[in-house]
Number of protein chains: 2
Amino acid sequence: WKALPILSSDALSSVAYGTEQILTVLVVAGSMALWYSLPISGAIVGLLFLLILSYRQVIDQYPGGGGAYIVSMDNIGWFAGTIAGASLLVDYTLTVAVSVTAGAAAITSAVPILHDHAVLLSVSFVLLIMILNLRGLRESGTIFAFPTYMFIIGILSLILVGIFNVLKGGIPANVPPVTSHLPEGLTWFLLLRAFSSGCSALTGIEAISNATPTFRPPETKHAARTLALLGVLLATLFAGVSLLAYLYHLTPDPKQTIISQIAEQTFGRTIPYYYVQATTALILILAANTAYSGFPLLASIMAKDKLMPRMFMTRGDRLNFSNGIIALSIAAIVLILAFGGDIDRLIPLYAIGVFTSFTLAQLGMVRRWLKHKPTGWRTKLAINATGAVVCFIVLMIFAITKFHEGAWLIVLVIPMFILLFSQIYRHYQGIADELRLDRSTEKPVTQDQLLIIPVGGVNRVVRNTISYAKSLEVEAVALYIAFEKEDQEKMKNKWAEWDPGIPLEVTYSPYRSVIQPLLDFVDQMKARNKNCQITVLIPQFIPRRWWHNLLHNQTALMIRFILLWKRDVVIGTVPFHLKK
Amino acid sequence: WKALPILSSDALSSVAYGTEQILTVLVVAGSMALWYSLPISGAIVGLLFLLILSYRQVIDQYPGGGGAYIVSMDNIGWFAGTIAGASLLVDYTLTVAVSVTAGAAAITSAVPILHDHAVLLSVSFVLLIMILNLRGLRESGTIFAFPTYMFIIGILSLILVGIFNVLKGGIPANVPPVTSHLPEGLTWFLLLRAFSSGCSALTGIEAISNATPTFRPPETKHAARTLALLGVLLATLFAGVSLLAYLYHLTPDPKQTIISQIAEQTFGRTIPYYYVQATTALILILAANTAYSGFPLLASIMAKDKLMPRMFMTRGDRLNFSNGIIALSIAAIVLILAFGGDIDRLIPLYAIGVFTSFTLAQLGMVRRWLKHKPTGWRTKLAINATGAVVCFIVLMIFAITKFHEGAWLIVLVIPMFILLFSQIYRHYQGIADELRLDRSTEKPVTQDQLLIIPVGGVNRVVRNTISYAKSLEVEAVALYIAFEKEDQEKMKNKWAEWDPGIPLEVTYSPYRSVIQPLLDFVDQMKARNKNCQITVLIPQFIPRRWWHNLLHNQTALMIRFILLWKRDVVIGTVPFHLKK
Ligand SMILES: [K+]
Ligand SMILES: [K+]
Ligand SMILES: [K+]
Ligand SMILES: [K+]
Ligand SMILES: [K+]
Ligand SMILES: [K+]
């Protein structure tokens, strides 16, 4: 069973920061407020089970893999689909940014000397994952299964030993008391904020429904079972960590994560402590890696739907898959640097992205049940509708309680994405219209031809190009651009002596420019032969090693680019392969 | 008179860091050692006058502008020329890195809140200067003359008011005593190190001899006079700053430059203080800017000599001048980041680069006098020989006393440059040999032709390309690569219906790859027609706005690149200009 560990790493790894996010908010209201982390964690576990139930139904209906993008495109429409697409792109980017940042925090907690270099560490992880993926790393490798199991074993042991310690020694005296009324300073606003922060523990459970086809057949059954198991595991780990954090009366510390504090108090800085920190870092990096299969795939699907640039369309050459990998890495690094590697500020963006896609996926399922009405659709509808409403409420809580801490950025970014998508769509659609051809009337038509061959002297590259021009049996003229006055006569004499059978024109360019004289010559030839199609043949030698291109050909590339852009000429590149 | 201020900014701006560099070394030996900054400054002023005398003779002999590169290539030989070229490239890069770093230090001294962002500030300055230069900023602008005059006025006033204050109030009690024996901890090694650090005050005086042709005629007379004036000014400012630093008993402070400390003690944090800091920052940025005309020019000269890639060769299009500007900026930014914006570690590299070029220029002049022996050559020889020997001794002092602080880097980098230059030279020379043609025997030869046109469907871009192919009246075949099995038949039917008069071949590529099937088809055609030259015609539409290219054409570019590289085919790009 390798599907569980790899796909679940995204969801399970959130245990590394979920509890901490709750405490970070509550601690503002003083230590009396920390008790509330327990009911909040309880509510989050409840939400978790609701989401698991809802997503099991997505899996059942979309055995081909149903991300929020496909479900909403399919059932709601174009606009909802683009919102889902935008939120998923944000989700993937922040999965990378948040996971590597949390991974770096796990490491710097254990090795304090690295604390000042956490951002560098995070960026290095992104670059490492990027390079591995560009080189064609396959997720299916068995080694990828280990970190997840090791992490589960580590955190479970931590919880068991921790609770045993507490029972043996009694609850420590300094545990914050359980109170029935809200302590001073703890407002409902703060409680909701803590709840929404804690919902970051739910990010990543969408991954399994996206990847249903990667399971062994019967896929939907295996995927659904994996999802259920994931729910139980995640609930246990998250609730256990929250409970221990409360029992140990821990507060967030910028130099040490909550997991690290729990492990230190439980084991001391011994081998089990380092085991917990190392496996936490590993599963977080693995979680970041899952986005590297999801993002390029989604970008490719959206490119096919003409919402993303064609360069993201997946091809067998893997070339375009690489564009997705690089784009994801750049976006994640920019986010990490822009937020100074501060995970507390990245998480609101992440959670909003994820809950937007949750809401839209559930809403899409609601529409689907209403349309198709299969047997038992009422129960199914009820589950997805509850899921949609609850997710939407959580989303609103986010947007309101976290608006100043970055939520406004998402409120800005998602409409920008949608605008961009629709511009891209209109662009491709417009071109398709312009290129459409009536097969019965629009036949090819022929035209007179003229070849222009810019030559830099008399040498074998030029000879090669002249040979080609003569083989085509079309009218041709060579053009020499002299930088010095005296070069003009010299070249004419050489050409006459060589006598290649094609006339030579010479112009003088005192400012050593080549592009403008060439454009002028093209215009002059065009004026002389009105209905003629001009081809510029560029003699180009191909060096033996690709990096030798750094030493050549910039001018040829520039000429090609500008001529294609500014004039209606065909550009032919006639290669001469160097042997040395 | 605008030549003085602009060309002199490089040299005069060194006052901002020269004295500080001496004190930074001496302070290690305790406050008793600070007195030695005065005799060291005296020795540096002596060296300055020797260099001025020597360079006046360079100006006299090279009215066309004589950098160390030209003088050594001309008089010593290829090897010395490449060393001079390498050291000048290093010199220009470090002029930028050191000047903007010192400029940032001048600003953060006055505005302490910016202290933590000094590196960011330095990098921003480089980017700003780069952009202005790419946009064609001309140095001749009158506004560029002001900062230098304002700086001279500022520092002169500072020195006068400072000395007046000291005389009025008597020398402050805490001035370190003048001693005749070396205080404990002050070794000869340390003294020599302080001297070599102080020689950073001499960097930049080579700029005038490089730029002789920019003076009004008679150029050599004006340039020589400017150089003399510069010498007097630089000596006054440098000696004055050193004297005041001693009288005020100042020690280097990482948060405030020596100039800032002097200005603060003299004026308090009043308007004159801010005037001194602002003009210091301005002249330093102006100094960095001078390297932006020198570096691309030198790179262009060296490219003509086949020592640098052809892309640096200056053309009227300014395109290749831009390459020099960008290369210089990247190199300077890398240096600033690699050294964490620490000017004390950049200066040894800078000074070594500059003194290497000083030494070689003087040595070149010595060889020149010995060869030509004009009237009065003995005196001239004596001056340049003394200059060469003294510069060489300073260089050795540098290399030895600063070896561990980065001098080893230069000892590594300059030979690497020379190796690179000779590789580039051999590469270009080898290609010239391979392309040479015997005009009497090697005439053009013709060959059978075959056109291959990859088509993605039946549309107007394809029609445009087929029209072109038919106009050439050469055998042609269209190739369609299907990604889905059923597309094969569909396309054949469409083609038959359209009937363009050129046969269609269809292949199936299950992995959605286009490049490999195309390569295979080329090989297949080549095997069928042994002596045939194959041309691949690529249908390409040209969007109306250049940035629309981001949405298209990546595949076409890739095909073009790989086909040219891997097969002996001509690539024709047939443009279809979009109207919308
Ligand atoms: K999770
Ligand atoms: K995720
Ligand atoms: K996650
Ligand atoms: K100087
Ligand atoms: K310089
Ligand atoms: K300088």
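Trainee: Which residues form one aromatic cluster in chain A?

Mentor: Look for Tyr55(A), Phe355(A), Phe358(A) and Phe398(A), which form one aromatic cluster. Keep in mind that this is a predicted model.

Trainee: How many aromatic pairs are there over all chains?

Mentor: The count comes to 16 aromatic pairs over all chains. One of them joins Trp78(B) and Tyr425(B), whose ring centres are 6.0 Å apart with 65° between the planes. That pair is edge-to-face, because planes over 60 degrees apart fall into that class.

Trainee: Where in chain B do Trp78(B) and Tyr425(B) lie?

Mentor: Trp78(B) belongs to helix α5 (residues 78–110) and Tyr425(B) to helix α16 (residues 407–435). They are 347 residues apart, so the pair links distant parts of the chain.

Trainee: What about the rings of Phe355(B) and Phe398(B)?

Mentor: Their centres are 5.8 Å apart and their planes meet at 50°, so this pair is tilted. Phe355(B) sits in helix α14 (residues 343–372) and Phe398(B) in helix α15 (residues 377–401), 43 residues apart. Both Phe355(B) and Phe398(B) are buried.

Trainee: Let's move to the interface. How much area do chain A and chain B bury between them?

Mentor: The size of an interface is often given as the accessible area lost when the parts come together. Here, chain A and chain B bury about 7600 Å² between them, with 59% of it on carbon and sulfur atoms. In chain A, the residues losing the most area to chain B are Glu434(A), Arg439(A) and Trp565(A), which together make up 10% of what that side buries. The contact takes 83 residues from chain A and 83 residues from chain B.

Trainee: How many salt bridges and polar contacts are there between the chains?

Mentor: The count between chain A and chain B is 6 salt bridges. Among them is the one between Arg460(A) and Glu442(B), where the closest N and O atoms are 3.1 Å apart. As for polar contacts, 30 residue pairs are found across the interface.

Trainee: Which element gives the most to the side of chain A that touches chain B?

Mentor: That is α17(A), with 9 residues. The residues on this side of chain A divide into 38 nonpolar, 22 polar and 23 charged.

Trainee: Could we look at one residue of that helix? What is Ser467(A) in contact with?

Mentor: Ser467(A) is found in helix α17 of chain A. Leaving aside neighbours within four places in sequence, Ser467(A) is in contact with Pro444(B), Val445(B) and Thr446(B). Its relative accessible area is 9%, so Ser467(A) is buried.

Trainee: And Ile159(A): which residues does Ile159(A) touch?

Mentor: Not counting residues up to four places away in sequence, Ile159(A) touches Thr236(A), Leu237(A), Gly240(A), Val241(A) and Leu244(A). Ile159(A) lies in helix α7 (residues 146–169) of chain A. With a relative accessible area of 8%, Ile159(A) is buried.

Trainee: How are Ile159(A) and Glu434(A) placed relative to each other?

Mentor: Their C-alpha atoms are separated by 65 Å, and the two residues are 275 residues apart along the chain.

Key: Residues are numbered from 1 along each chain as its sequence is written. Chains are lettered from A and ligands numbered from 1 in the order in which they are written. This is a predicted model: local features need pLDDT of at least 70, side-chain atom pairs count only at pLDDT 80 or more; totals for chains, interfaces and linings use all residues. Side-chain values use heavy atoms; hydrogens and water are left out. Rings of Phe, Tyr and Trp (its six-membered ring) pair if their centres lie within 6.5 Å; planes under 30 degrees apart count as stacked, over 60 as edge-to-face and the rest as tilted. Helices (H or I, at least four residues) and strands (E, at least two) are DSSP runs, numbered from the N terminus. Buried means under 20% relative accessible area, exposed over 50%, partly exposed in between (1.4 Å probe, protein chains only). Contact means heavy atoms within 4.5 Å. Buried area is the accessible area (1.4 Å probe) that two parts lose on being put together, summed over both. A salt bridge is a side-chain nitrogen of Lys or Arg within 4 Å of a carboxyl oxygen of Asp or Glu. A polar contact is a pair of N or O atoms within 3.5 Å; within protein, one must be able to donate a hydrogen and the other to accept it, and residues adjacent in sequence count only if both atoms are side-chain atoms. Ala, Val, Leu, Ile, Met, Phe, Trp, Tyr, Cys and Pro count as nonpolar, Asp, Glu, Lys and Arg as charged, and the others, Gly among them, as polar.
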